[in-house]
Amino acid sequence: MTIEELRVEQLRNLVGVCIKPGPQINLLYGANASGKTSVLEAIHLLIVARSFRSRKLHSIIQHHTSHTTVFAKLKITDRCIFAGMQRS
C-alpha cells in the first residue's frame with residue numbers, strides 16, 4: 001500500500017497541507033517545529049485512529065478551531081481507495 005495523496009487540516013501546526021509523495025523513498029526535512037512529526041502523526045491517526053504523541057485527541061486539534069481532518073488517497077496493487085477521518 002502506498003500513499004498517493006495526503007491532506008491534513010488543522011492538525012497541530014498543519015493548515016491546508018497537501019502532500020503527493022513520490023513512488024520511491026520520500027524524506028521530510030525542515031526546521032524544528034515545522035510540522036515533520038505532525039505529518040507522521042496524521043498518517044498514524046488515519047491508520048489507527050489515535051495519536052502516538054497524546055492520549056487526548058482534542059490536544060492535536062489546532063487552537064481556536066473545532067476539528068481536524070485527515071484524508072488520504074491510497075494505492076493498493078492496481079486500485080485506489082480513499083480513507084479519511086475528522087475529529088472534533
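**Note on the predicted model: cysteines, strands, core and loops**

1. The structure holds 0 disulfides. C18 takes part in none, and the nearest cysteine sulfur to it, that of C80, is 14 Å away. The model is a predicted one, and the points below should be read with that in mind.

2. As for solvent, C18 is partly exposed, at a relative accessible area of 38%. C80 is partly exposed as well, with a value of 40%.

3. Next, the strand pairing. β1 pairs with β3 in the antiparallel sense, over 7 bridges. Two positions can be checked directly in the structure. L6 has A72 in β3 as its bridge partner, and E9 stands opposite T69 in β3.

4. β1 is also joined to β2, by 3 bridges, and these two strands run antiparallel. Here V8 has V17 of β2 as its bridge partner. β1 covers residues 2-9, and β2 covers 17-19.

5. How many bridges join β3 to β4? There are 9, and the two strands run antiparallel. One of the bridges sets T68 against R87 in β4. β3 and β4 form a hairpin with 2 residues between them. Strand β3 spans residues 68-76 and strand β4 spans residues 79-87.

6. The turn of that hairpin contains T77, which has a positive phi of about 50°. T77 lies in the loop between β3 and β4. Is T77 buried or exposed? T77 is exposed, with a relative accessible area of 67%.

7. A second residue with this backbone feature is Q10. Its phi is near 50°, again positive in a residue other than glycine. Q10 is found in the loop between β1 and β2. With a relative accessible area of 17%, Q10 is buried; the cut-off for that class is under 20%.

8. What does Q10 touch? Leaving aside residues up to four places away in sequence, the contacts of Q10 are V15, I60, I61, Q62, T65, H67 and T68. The C-alpha atoms of Q10 and S54 are separated by 16 Å, and the two residues are 44 residues apart along the chain.

9. The largest nonpolar core has 14 residues, of which L6, V8, L11, L45, I60 and V70 touch the most other members. Which elements each supply at least two residues of this core? They are β1, α1 (36-48) and β3. The largest share, 4 residues, comes from α1.

10. V70 is one of the core members named above. Not counting residues up to four places away in sequence, V70 touches L6, R7, L11, A42, L45, L46, A83, G84 and M85. Among these contacts, L6, L11 and L45 are also listed with V70 as core members that touch the most others.

11. The structure holds 1 aromatic pair. F71 and F82 form this pair, which is stacked, at 5.9 Å centre to centre and with 15° between the planes. The pair links distant parts of the chain, with F71 in strand β3 and F82 in strand β4, 11 residues apart. The cut-offs that apply are centres within 6.5 Å for a pair and planes under 30 degrees apart for stacking.

12. How accessible are the two rings' residues? F71 counts as partly exposed, at 29% relative accessibility. F82 is exposed, with a relative accessible area of 57%.

Terms used
Residues are numbered from 1 along each chain as its sequence is written. This is a predicted model: local features need pLDDT of at least 70, side-chain atom pairs count only at pLDDT 80 or more; totals for chains, interfaces and linings use all residues. Side-chain values use heavy atoms; hydrogens and water are left out. Rings of Phe, Tyr and Trp (its six-membered ring) pair if their centres lie within 6.5 Å; planes under 30 degrees apart count as stacked, over 60 as edge-to-face and the rest as tilted. Buried means under 20% relative accessible area, exposed over 50%, partly exposed in between (1.4 Å probe, protein chains only). A disulfide is a pair of cysteine sulfur atoms within 2.5 Å. A nonpolar core is a set of buried Ala, Val, Leu, Ile, Met, Phe, Trp, Tyr and Cys residues joined through side-chain atoms within 4.5 Å. Contact means heavy atoms within 4.5 Å. Two strands pair if DSSP finds at least two bridges between them.
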